[in-house]
There are 2 protein chains.
Amino acid sequence: MTLSSDRLAPMANAIRALSMDAVQAANSGHPGMPMGMADVATVLFAKFLKFDPAAPKWADRDRFVLSAGHGSMLIYSLLHLTGYASPTLDDIRNFRQMGSVCAGHPENFLIEGVECTTGPLGQGVAMAVGMAMAERHLNATFGDDLVDHNTWVIAGDGCLMEGINHEAIGLAGTLKLGRLKVLWDNNKITIDGDTSLSTTEDIAARYRASGWDVFDCDGHDFADIERALAEAAASDKPSLVSCRTLIGKGAPNKQGGHDVHGSPLGTAEIEAAREYLGWTSAPFEIPAEIAGDWHLIGKRGTAVRADWEARLAVNDQAAEFTRRMTGELPEMDGIRAALAEWVAGDSNVATRKASENWLNVLAPAIPEMVGGSADLTGSNNTKAKCQDPFTPTDYAGRYVYYGIREFGMAAAMNGMALHGGVIPYGGTFLIFSDYCRNAIRLSALQQTRAIYVLTHDSIGLGEDGPTHQPVEHVMSMRLIPNLYVFRPADAVETAECWTIALESRETPSVLALTRQNLPQLRTSGDMLSARGAYTLRSAEGDRKVILIATGSEVELAVKVQGELHAQGIGADVVSMPCMELFAAQDEAYQREVLPNDPSVLRVSIEAGITQGWERYTAFSRNGGLNIGLDRFGASAPAKVLFERFGFTAEAIVPKILEKLST
Amino acid sequence: MTLSSDRLAPMANAIRALSMDAVQAANSGHPGMPMGMADVATVLFAKFLKFDPAAPKWADRDRFVLSAGHGSMLIYSLLHLTGYASPTLDDIRNFRQMGSVCAGHPENFLIEGVECTTGPLGQGVAMAVGMAMAERHLNATFGDDLVDHNTWVIAGDGCLMEGINHEAIGLAGTLKLGRLKVLWDNNKITIDGDTSLSTTEDIAARYRASGWDVFDCDGHDFADIERALAEAAASDKPSLVSCRTLIGKGAPNKQGGHDVHGSPLGTAEIEAAREYLGWTSAPFEIPAEIAGDWHLIGKRGTAVRADWEARLAVNDQAAEFTRRMTGELPEMDGIRAALAEWVAGDSNVATRKASENWLNVLAPAIPEMVGGSADLTGSNNTKAKCQDPFTPTDYAGRYVYYGIREFGMAAAMNGMALHGGVIPYGGTFLIFSDYCRNAIRLSALQQTRAIYVLTHDSIGLGEDGPTHQPVEHVMSMRLIPNLYVFRPADAVETAECWTIALESRETPSVLALTRQNLPQLRTSGDMLSARGAYTLRSAEGDRKVILIATGSEVELAVKVQGELHAQGIGADVVSMPCMELFAAQDEAYQREVLPNDPSVLRVSIEAGITQGWERYTAFSRNGGLNIGLDRFGASAPAKVLFERFGFTAEAIVPKILEKLST
């Protein structure tokens with residue numbers, strides 16, 4: 001494909017026209033970036049990117065990430081023009097309207113050609129790091145014949161200024177991810193004005209300091225762009241290409257200024273732009289010759305994909321490769337059998353340790369699991385024995401030393417899951433979910449199977465004190481839609497919750513695990529955690545009380561039950577490892593566990609903030625009772641803290657008696 | 001003060017001895033950092049730091065931040081040895097035990113000499129940036145006579161690897177904060193092992209790329225340390241000193257390895273260390289000569305402070321300076337009068353715009369307010385007319401262009417508030433509270449008066465779609481202890497909430513504000529928002545329903561009330577701008593607003609996750625009703641979204657009627 005600059009220029013202008021017209025029609029959106037990066041993106045798609053619009057999910061395609069997601073009209077234009085089935089021109093006409101797949105920011109769950117949801121700045125680059133990791137891992141596992149592609153990113157100043165950029169590029173540099181290429185829209189403009197208002201950084205020097213190659217081009221000179229992209233493509237280091245551009249290029253009176261970043265151009269300026277660009281077509285009309293050139297570009301990948309399909313057809317590992325890429329788990333009978341053995345056991349370990357033990361069952365059986373930790377391997381217990389480190393000299397390794405980079409880790413996990421062929425999990429302390437919270441949210445929004453192993457899940461971590469003691473975190477993550485928050489009570493629930501997490505292909509999971517040992521409470525039952533909550537111990541005699549607890553407080557609930565029974569007061573103990581799964585059960589089951597009987601006193605016990613528990617306790621005798629911790633913790637040994645904050649049967653039983661007596 | 005190396009070495013060993021003995025006694029803690037950085041810290045305190053243990057809150061002291069907060073025994077040792085009243089030797093003996101001020105991580109609310117709470121990695125450096133900003137601002141305002149001090153930081157590899165470090169040093173470099181000096185404990189060890197496991201970055205090059213000076217020293221050569229610190233002190237740029245150290249220096253068999261990072265040395269190794277260091281005293285005993293040398297160091301500041309006190313006594317601005325530093329607001333009568341005018345008005349603006357309008361009342365009257373935004377000035381409406389930019393050429397400016405650095409901004413705000421003399425506020429979109437969540441948590445834990453202006457607070461932001469639409473954020477921030485989460489319903493409540501936030505000296509605040517216009521609902525009453533919730537519109541006739549709403553949904557609740565009244569069903573409308581303040585009211589008031597009458601149907605209306613609302617609605621006819629959004633949003637105009645997701649009187653009234661009929 002050798003398209004000359006005079007063919008490329010009108011193609012780029014087609015992006016500009018679609019972008020300015022769609023933003024104008026919506027009266028909302030960001031024309032500046034798509035117009036500014038139209039030339040660079042045209043060269044990328046025309047000459048470098050490996051893709052086939054007829055097969056958006058082709059496993060060996062290059063991944064393209066629009067990290068500066070507000071410039072969504074750039075990717076919508078590119079996908080439409082190159083011949084993807086989605087978005088259609090009608091979708092583009094309805095940009096940012098209800099029902100159009102052309103949402104304000106690109107959403108992976110709306111359009112197949114959108115590799116990931118972007119908009120929260122910085123995370124696109126960081127997800128691309130994960131995609132590049134997955135690519136190298138699968139390449140090392142399945143060979144060049146099946147896996148050999150690049151990850152290309154378009155990023156703006158915001159993506160580079162966010163803290164997560166430091167984590168992402170540090171990880172990429174350390175791992176020597178030479179297949180990762182970031183095209184920086186270097187336009188010197190942010191929303192507030194010139195970048196010099198807030199930054200004076202030498203970005204190239206910083207990238208070089210992190211082990212990257214840095215290239216540079218005039219982002220409006222097609223030959224220069226092609227040269228720089230070729231240099232980046234040839235580099236064996238992760239590469240940044242500084243594309244010097246004019247934001248809003250093509251809008252003659254507004255280009256280069258910050259007003260063009262996030263507002264429609266207005267009809268007068270659009271008229272001026274049409275004249276400036278020599279664009280005579282009506283809005284949303286693409287001249288046939290230009291459309292034809294774009295379609296030719298879209299056909300570039302047909303033969304390449306056919307070759308790949310032919311190689312796949314004769315590859316010994318084709319079935320395994322395809323299984324992993326489609327996200328199907330391997331046969332799980334061995335794991336079910338191991339679980340049955342666990343239930344029959346009698347463990348007394350922290351749930352973080354139970355998690356490690358169970359990982360040693362899972363990881364050998366599920367080779368696509370790639371673990372890691374943000375520098376807390378020995379505390380999160382995330383490394384299975386069968387896992388070697390993932391390093392530049394061994395990309396087949398299945399354990400990532402992410403470093404002290406929680407946000408970068410979580411975003412990379414999303415990237416790996418989105419790439420496919422890998423099930424990522426990663427650990428940090430539960431408290432530091434705060435550091436990566438928006439990436440966890442993006443796991444939920446993007447429906448990725450990312451599994452967060454978050455240990456030290458309450459004041460039970462003890463001496464490290466309130467900066468390290470999560471009190472609001474379990475409940476606050478329950479508020480994120482499409483996220484399973486598991487807080488298992490013992491080794492059996494831990495194994496069950498892990499297994500459910502792996503089997504949940506479109507829902508990410510958090511496993512909140514203890515530092516401290518817990519006795520095994522479950523000695524029967526099969527995957528009871530899958531119901532979200534269940535009656536662990538039934539009342540003796542008349543049930544007056546239902547104790548609902550999670551994690552380390554289930555043991556306490558059992559003790560409270562014992563004391564109540566000694567006083568002739570019947571009490572159920574309900575273990576609720578996952579509120580979201582319980583809420584998804586049918587009403588009959590929910591009523592079986594929590595009967596619709598306001599004469600029974602419902603009591604929640606969880607070493608965290610109580611707000612949110614009223615959902616399950618308030619419809620109850622005297623409005624129910626919530627035992628929790630509605631303040632920050634303190635520094636002391638765990639046992640002292642639990643006593644100090646009232647997590648003992650001695651402190652709880654009188655409160656229950658008082659509620660029952662009124 | 002010219003202490004030679006042979007005097008300094010035993011002083012540093014006193015830190016080592018206290019640290020290893022305290023960690024051993026607690027059987028918990030981190031000996032590696034205090035032992036490794038003992039020599040550097042000794043030089044810093046002995047020769048550079050301006051401080052007076054007799055006056056820990058002396059306004060012109062140097063600020064010292066132990067960013068690597070896990071090494072807390074370092075600062076406890078230093079404070080005790082130099083003669084601060086707290087911590088005592090008994091506190092150190094009881095390190096990490098309930099009731100000791102020597103908590104696992106340093107807590108500013110437990111010890112006066114601890115400038116800020118550290119432990120969550122990276123935030124110490126970022127708070128120090130804020131302290132250095134406050135210093136320069138007050139210097140520009142009050143002159144060298146009153147304000148002329150440095151901010152010194154000790155940071156570890158973790159602090160430098162976290163993403164927030166990029167934001168913090170970028171901000172410091174851009175603002176040319178030459179009074180900021182970071183001493184990096186360059187020991188090449190993290191928890192998981194050698195730093196090379198996870199990073200290959202050229203840290204010095206990265207700092208230089210951000211406009212910093214970088215110096216280097218052998219962290220165990222007193223003369224070399226002194227040289228490097230002197231060079232850093234003389235630099236007019238923010239400076240990093242790479243202190244090459246051996247982690248756990250002094251423990252002969254463990255030093256230099258990652259096992260010494262976070263575990264007690266054990267009695268055998270402590271014995272070996274005593275021999276290695278020539279330390280013959282019993283645990284927690286400091287030889288008199290060494291104690292004397294340390295006390296001499298502690299007296300270094302006495303005369304310096306006396307000179308400063310003398311200058312203050314004759315300074316024209318002394319009263320104003322002292323007022324600001326003590327955190328007292330100026331006389332607020334003018335502001336109260338302006339508020340009365342507002343109540344009498346008839347505005348129809350977005351609450352973000354009302355916030356801007358009210359800022360134009362507040363900022364001229366309260367000169368210590370320093371605002372800013374993370375590159376969303378025009379969207380957050382955070383800039384008051386009277387504010388000039390805070391820049392390297394005008395530190396008297398009161399508006400900070402923080403750049404696209406939410407986490408760095410929030411931590412800097414904490415640093416400014418902790419420094420004193422400044423009331424910081426800063427803006428971003430509410431959704432990006434995720435990016436700075438742990439800094440908001442640290443505002444709450446540290447009891448700083450930081451005010452977060454978080455706009456675009458619901459699906460009401462419209463077309464930007466689910467990545468930008470907070471649904472869980474308002475409720476999830478309500479779960480953080482000691483944080484006021486305000487969601488005002490109109491211009492009057494916005495002004496009231498702003499005023500309460502300013503008057504809350506030990507509680508940070510979030511103002512969740514709309515993008516879209518809202519009518520003025522309040523036309524009477526004085527600071528009703530201070531009660532957290534109040535009856536905005538009373539029922540006509542028998543009250544059957546109480547509608548509880550916040551922010552933009554209060555207008556909707558009023559419409560619903562109208563429809564119910566039309567059908568002869570009496571309904572109160574309760575506006576609840578701040579759940580935390582309502583929860584703090586006495587029971588009589590709470591019962592006045594929400595009577596203890598389960599025959600009344602309570603209905604919450606808020607365009608967000610409903611879990612958590614049951615606290616106020618479940619004790620109610622049929623368990624109450626929660627109108628909310630328990631899913632991610634979508635991209636469309638706001639009006640379309642509100643209709644689609646059921647936020648209309650037409651959708652809500654039938655649900656209420658159904659609840660009433662059963």
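Me: Leaving aside its neighbours within four places in sequence, which residues is S379(A) in contact with?

Reply: A contact here means heavy atoms within 4.5 Å. In this predicted model, S379(A) touches R352(A), F429(A), T455(A) and H456(A), once neighbours within four places in sequence are set aside. S379(A) itself belongs to helix α16, residues 377–380 of chain A.

Me: Is S379(A) buried or exposed?

Reply: A residue counts as buried when its relative accessible area is under 20%. S379(A) has 18% relative accessibility and therefore counts as buried.

Me: Which residues does the UniProt annotation "binding site" cover in chain A?

Reply: An annotation of this kind comes from a record and may be inferred rather than shown by experiment. The unreviewed UniProt entry places "binding site" on H30(A), H261(A), R352(A), S379(A), H456(A), D464(A), H468(A) and R515(A). These residues span 486 residues in sequence and their farthest two C-alpha atoms are 48.0 Å apart, so they do not all gather at one spot.

Me: Where is R515(A) found, and what is in contact with it?

Reply: R515(A) sits in the loop that links β14 (509–513) to β15 (517–519) in chain A. At 36% relative accessibility R515(A) counts as partly exposed. Apart from neighbours within four places in sequence, its contacts are A350(A), R352(A), H456(A), G460(A), L461(A) and E463(A).

Me: What can be said of T514(B) in chain B?

Reply: T514(B) lies in the loop between β14 (509–513) and β15 (517–519) of chain B. Its relative accessibility is 0%, so T514(B) counts as buried. A polar atom of the T514(B) side chain is 2.8 Å from the backbone oxygen of Q516(B). Beyond neighbours within four places in sequence, T514(B) has contacts that include A350(B), R352(B), H456(B) and D457(B).

Me: How is chain A related to chain B?

Reply: One asks which rotation and shift superpose the copies. A rotation of 180° with 0.0 Å of shift along its axis places chain A on chain B, with an RMSD of 0.0 Å. The two copies are thus related as by a two-fold rotation axis. Of the interface residues of chain A, 98% are also interface residues in chain B, so the copies meet through the same surface.

Me: How many helices and strands has chain A?

Reply: Chain A has 26 helices and 20 strands. Its radius of gyration is 28 Å, close to the 26 Å that the globule rule gives for 662 residues, so chain A is as compact as a globular protein of that length. Of those 662 residues, 69% count as buried.

Terms used
Residues numbered from 1 in each chain as written. Chains lettered and ligands numbered in written order. Predicted model: local features only at pLDDT ≥ 70, side-chain atom pairs only at ≥ 80, totals over all residues. Heavy atoms only, no water. Least-squares fit on C-alpha atoms with pLDDT ≥ 70 in both. Helix = DSSP H or I, 4+ residues; strand = E, 2+ residues; numbered from the N terminus. Buried < 20%, exposed > 50% of the residue type's maximum accessible area, 1.4 Å probe, protein only. Polar contact = N/O pair within 3.5 Å; in protein donor to acceptor, adjacent residues only side chain to side chain. Rg over C-alpha atoms; globule rule 2.2 N^0.38 Å.
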